[in-house]
Amino acid sequence: MESNFNNGCPGENTSIKFEPYCMLHEKEEAKVLQIHLQGFKREQIKVQINSFGTITISGKRPFDGNIWKYFHKEFDYDLGMYSQRDIEVKFEYGVLSIKMPNRKALFTSLKKQCKSSLSSLNESKEILIAFTAAVFIGAIFHTQINSVFWKIIQVFST
């Protein structure tokens, strides 16, 4: 624990740096980093995720009178495994959770969604083919009717 007493002047704020308890859960589909921040409010915590593979988490809150508690942590994440835009952050019951979905798991999930979309697309494709055939046959039939109609008009007009 580190503290800053601002030259010991009375009436000035004192800051105490602390190291929050962190836990990393690794699963096949994602890594979840949990940081225990009891006593903090959401607006007292700042999370930055940059495109260089670093997650920066910091926070500061009043502790006692003129004393403030603060922390600053940085974690690196593998840009090849995790996409910056897919990282989810939530703060509930004093625990900050950062979920980093594995790209391979995301790909598998998207692949499953595409397969189900393809099966419904195949059904739509069959309907579209039937509709196109009906329109085509109708156009041919319509052309034949028009042709017969014009021949009848020609016969009666002569």
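Reply: I98 is buried, at a relative accessible area of 0%; buried here means under 20%, exposed means over 50%, and partly exposed is in between, with a 1.4 Å probe and protein chains only. Before going on: this is a predicted model, where local features need pLDDT of at least 70 and side-chain atom pairs count only at pLDDT 80 or more, while totals for chains, interfaces and linings use all residues. Residues are numbered from 1 along each chain as its sequence is written, and side-chain values use heavy atoms, with hydrogens and water left out.

I98 sits in strand β9, residues 95–101. (Strands are DSSP runs of E, at least two residues, numbered from the N terminus.) Setting aside residues up to four places away in sequence, I98 touches K31, V32, L33, I55, I57, I87, E88 and V89, contact being heavy atoms within 4.5 Å. I55 is 43 residues from I98 along the chain, and their C-alpha atoms are 9.4 Å apart.

I55 and I57 also turn up around K73: leaving out neighbours within four places in sequence, K73 is in contact with E19, P20, C22, I55, T56 and I57. K73 belongs to strand β7, residues 67–76, and is buried at 14%.

Now the charges. There are three salt bridges in the structure, a salt bridge being a side-chain nitrogen of Lys or Arg within 4 Å of a carboxyl oxygen of Asp or Glu. One of them joins K73 to E19, with the closest N and O atoms 2.2 Å apart. K73 is in β7 and E19 is in the loop between β2 (14–17) and β3 (22–26), so this pair ties together parts 54 residues apart in sequence.

E26 is exposed at 58%, and K31 is partly exposed at 23%. Then there's E92 with K90, at 3.6 Å from N to O; E92 is partly exposed at 41% and K90 is partly exposed at 48%.

Note on methods: Helix = DSSP H or I, 4+ residues; strand = E, 2+ residues; numbered from the N terminus.
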